[in-house]
Amino acid sequence: MNTVGRPTAPNQVQTKPATLTGGRGLLQNEALIFEGDGWGKTGVDLPEPKTDGSDLGDLVRKDPIGLPGLSEPETMRHYVRLSQKNHAIDLAIYPLGSCTMKHNPRLNEKMARLPGFSDIHPLQPISTVQGALELMDALAHWLKTLTGMPAVALSPKAGAHGELCGLMAIRAAHEASGQHEKRRKVLVPTSAHGTNPATAAFVGYSVVEVAQTEDGRVDVADLASKLGDDVAAIMVTNPNTCGLFERDILEISRLTHEAGAYFYCDGANFNAIVGRVRPGDLGVDAMHINLHKTFSTPHGGGGPGSGPVVLSEALSPFGPLPYTARMADGTIHLIEEDNVGEEMPQSFGRMSAFHGQMGMFTRALTYILSHGADGLRQVAEDAVLNANYILRSLDNVLDAPFGGSGPCMHEALFSDKGFAESFTTLDVAKGLID
Ligand SMILES: *Cc1c(COP(=O)(O)O)cnc(C)c1O
């Protein structure tokens, strides 16, 4: 065990690690630098202060200030040891959400660090950040192209934030048509990610659950029975959280529109269909794309997210500001609240300070352009092939509740049914990390 040049404090003694596999990767047994000898040592030589009396009177400090006592190499080694406790995708697998991006090419990082993208400020004059705006405009173009949707809002900063953006656009649309008062419900399937009902509730809607069929898909008959003129929107994830494509998606969107409601699609799993299916062709009105899940960026443990939302023709007038637009002279401008004029009088306003996650825009565009159209399509095909390999390799040892529903999409689902009682899904997850 490493200490910082002194014996370990009694409360920090580690006995045998208690993890499932005996691994030590996540044990944090490094003493805090403040737990050392105080001023006993120092890493810097400061000149004695020239004091000519103090104006502080009684307020002068009488006790030691409590700074850590470390030499320079001890300080450095302490932080290097801490840095090595990070569990990283470069070292081993981790059991984070299936949809989370596992492939983060270093090229993206290099591009995101180009000073023209990383060392700029959102309040700089627009003429000095044309390159960054060009990049945002290009990313917007490709997101619209890949989804077959006419508009995109780049500013939402995560998937959940994108859901908020989509539902606020939907609410604004219902307000504009005078239907907001009667359309107070949002329909959400039981299998939905927790952020879906949370978002609907946050925007002020009441959440109505839609049943799931035996094979893990939306129960269309149940959905149809709950749709009516009191429903503002449905939120459906496709491919869904059970790893399955919603085969009845066209019927779902037809029924939704017939009832005068909007179709919000949770696009967190877009990596399974990118380049093969365009949500715009499925009747989707709004969908967030988690750039950190489909278009790379190291994510998890609090890494940055970005959740651009594509919008249909019907919803685009209500989307947030700002957005990029190319002017007649070829320069790109951000259409903001104060210069909106005729352009977007119905926008629900701003989602966030400034313009979104620039570093992630850079990574996502780098990833999209370096794969190209055929490469992105192959990403989806490989993701699905890999998940099916896992499903069929393990379905004889683990319970696969939807294994009989045909091939899966981006993820395969197993349960802990049949395990010994003391052995749970969480143990498997921890064991993978160990
Ligand atoms: C990850 C995820 C979200 C939320 O996205 P965040 O970027 O984590 O806010 C929503 N729905 C599904 C299906 C997800 O997998």
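## Aromatic pairs and cysteines

Searching the whole structure turns up three aromatic pairs. Keep in mind as you look around that this is a predicted model.

**The F295–Y367 pair**

- F295 has a relative accessible area of 0%, so it is buried.
- Y367 is buried too, with a relative accessible area of 1%.

**The F419–F423 pair**

- F419 and F423 also pair, with 5.6 Å from centre to centre and 50 degrees between the planes, which makes this a tilted arrangement.
- F419 is partly exposed, at 24% relative accessible area.
- F423 is likewise partly exposed, with 34% relative accessibility.

**A ring cluster**

- F270, F295 and Y367 are joined into a cluster by ring pairs, so the buried F295 and the buried Y367 are both members of this group.

**Cysteines**

- If you are looking for disulfides, the count is zero, with a pair of cysteine sulfur atoms needing to lie within 2.5 Å to qualify.
- C165 is buried, its relative accessible area being 0%.
- C242 counts as buried as well, at 8% relative accessibility, because that value falls under 20%.

Methods:
Residues numbered from 1 in each chain as written. Predicted model: local features only at pLDDT ≥ 70, side-chain atom pairs only at ≥ 80, totals over all residues. Heavy atoms only, no water. Phe/Tyr/Trp six-rings, centres within 6.5 Å; stacked < 30°, edge-to-face > 60°. Buried < 20%, exposed > 50% of the residue type's maximum accessible area, 1.4 Å probe, protein only.
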